[in-house]
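Trainee: Hi! Could you walk me through this one with me?

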Amino acid sequence: MPNAKPIPDGYHTITPHLICRDAARTMKFYEQAFGAETIHCMTMPGGGIMHAAMRIGDSQFMIAEENPAWDSKSPLALGATPVPIHLYVSNVDASFQRAVQAGATAKMPPTDMFWGDRYAQVVDPSGHIWSIATHVKDMTPAEIEQAAMAMFASGNCGSDKMKS
């Protein structure tokens, strides 16, 4: 296809591809919690999501059904996930509450952080961690480093706010 764009419209260079247990239910959660919209969705014979694309704001992401036969496992099957998905929003407190009301598990309530963001974390029904933030203060790298050192020196690293 000579006219095909190397990166399709609507996508960025890096695009998360989430493996979800009960992907259809998780997609509904993303709609309710984060205002996501479904771009397209292909189901497998017998049900289940083979591939879907959703958009939140200006960013698209992909979703597929957990499938042990393909060695495709959700964080629930693995027992954890090492990769949070970061979502910038205009009001982290409202977005956090909306996600929890939609069925997310609260991991960290909205908190002012040393790097200039108000920041929170939730866990979605498939076990993916979503960090949610609103940028509230522009800071230089030196100011961020100084604030981080002050936080570490105080012994208050925010771990008391995290739920595992």
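Trainee: Is Asp22 buried, partly exposed or exposed, and what's its relative accessible area?

Mentor: Asp22 is partly exposed, with a relative accessible area of 36%. Buried means under 20% relative accessible area, exposed over 50% and partly exposed in between, with a 1.4 Å probe and protein chains only. One caution: this is a predicted model, where local features need pLDDT of at least 70 and side-chain atom pairs count only at pLDDT 80 or more, while totals for chains, interfaces and linings use all residues. Residues are numbered from 1 along each chain as its sequence is written, and side-chain values use heavy atoms, with hydrogens and water left out.

Trainee: Where is Asp22, and what's its phi?

Mentor: Asp22 sits in the loop between strand 1 and helix 1. Its phi is near 55 degrees, a positive value in a residue other than glycine. Helices (H or I, at least four residues) and strands (E, at least two) are DSSP runs, numbered from the N terminus.

Trainee: Which other residue has a positive phi although it is not a glycine?

Mentor: Asp71, with a phi of about 55 degrees. Asp71 is in the loop between strand 4 and helix 2 (75-78), and at 57% relative accessibility it counts as exposed.

Trainee: OK, helix 1. How many residues does it have?

Mentor: Helix 1 (residues 23-34) has 12 residues. From first C-alpha to last it reaches 15 Å, close to the 16 Å expected at 1.5 Å a residue; the expected span is 1.5 Å times one less than the number of residues. After helix 1 comes Gly35, with a positive phi near 70 degrees.

Trainee: And which of its residues are buried?

Mentor: Ala23, Thr26, Met27, Phe29, Tyr30, Ala33 and Phe34. Looking down the axis of helix 1, these buried residues fall within an arc of 155 degrees, so they line one face of the helix. The arc is that of the directions from the helix axis to the C-beta atoms.

Trainee: Why would residues a few places apart point the same way?

Mentor: An α-helix has 3.6 residues a turn, so residues three or four places apart point the same way.

Trainee: Switching to the sheet: what order are the strands in?

Mentor: The 4 strands form an open sheet in the order 1-4-3-2, with mixed pairing. Two strands pair if DSSP finds at least two bridges between them. Strand 1 (17-20) and strand 2 are the edge strands, each pairing on one side only.

Trainee: How many bridges join strand 2 to strand 3?

Mentor: Strand 2 (residues 37-43) and strand 3 run antiparallel, joined by 6 bridges. Glu37 stands opposite Arg55, and His40 has Ala53 as its bridge partner. Strand 3 also pairs with strand 4 (residues 59-65) in the antiparallel sense, over 5 bridges, and there Ala52 stands opposite Ile63.

Trainee: Anything about the turn between strand 3 and strand 4?

Mentor: Those strands form a hairpin with 2 residues between them, and Gly57 in the turn has a positive phi of about 60 degrees.

Trainee: How much of strand 3 is buried?

Mentor: Of the 8 residues of strand 3 (residues 49-56), 6 are buried, so the strand is largely enclosed by the rest of the structure.

Trainee: Last one: how many disulfides are there?

Mentor: The structure holds 0 disulfides, a disulfide being a pair of cysteine sulfur atoms within 2.5 Å. The sulfur of Cys20 is 11 Å from the closest cysteine sulfur, in Cys41, which is too far for a bond. Cys20 is buried, at a relative accessible area of 0%, whereas Cys41 is partly exposed at 38%.
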